[in-house]
Amino acid sequence: MEHHPAAVWLTEAASAAQQQGAGNLLRVVLIVMVVGCVLTAWFLLRGYKREDD
């Protein structure tokens with residue numbers, strides 16, 4: 001089996017990413033939470049709109 005430097009680099013990058021913790025998961029959770037809050041606020045405030053003609 002040949003030695004591929006790219007495969008070694010990918011393996012080292014993957015192991016380094018696992019050692020850093022849950023950074024990506026936290027980022028995704030925060031983005032989903034913000035988007036959910038915006039959609040909830042839009043949905044709730046939409047009902048308070050009055051059309052006084």
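This briefing describes the helices, the surface and the ring contacts of one protein model. The model is predicted: local features need pLDDT of at least 70, side-chain atom pairs count only at pLDDT 80 or more, and totals for chains, interfaces and linings use all residues. Residues are numbered from 1 along each chain as its sequence is written, and side-chain values use heavy atoms, with hydrogens and water left out.

**Helices**
- The protein has 2 helices and 0 strands; these are DSSP runs, helices being H or I of at least four residues and strands E of at least two, numbered from the N terminus.
- Helix H2 covers residues 23-46, 24 residues in total.
- From first to last C-alpha, H2 reaches 35 Å, close to the 34 Å expected at 1.5 Å a residue; the expected span is 1.5 Å times one less than the number of residues.

**Burial and surface**
- Of the 53 residues of the protein, 0% count as buried, meaning under 20% relative accessible area with a 1.4 Å probe, protein chains only.
- H2 is hardly covered, with 0 buried residues among its 24.
- The protein exposes about 5500 Å², and carbon and sulfur atoms supply 66% of it; accessible areas come from the Shrake-Rupley method with a 1.4 Å probe.

**Rings**
- Phe 43 lies in helix H2.
- Arg 46 lies over the face of Trp 42, at 5.1 Å from the ring centre; the cut-offs are CZ of Arg within 6 Å of the ring centre and within 35 degrees of the ring normal.

Notes: Buried < 20%, exposed > 50% of the residue type's maximum accessible area, 1.4 Å probe, protein only.
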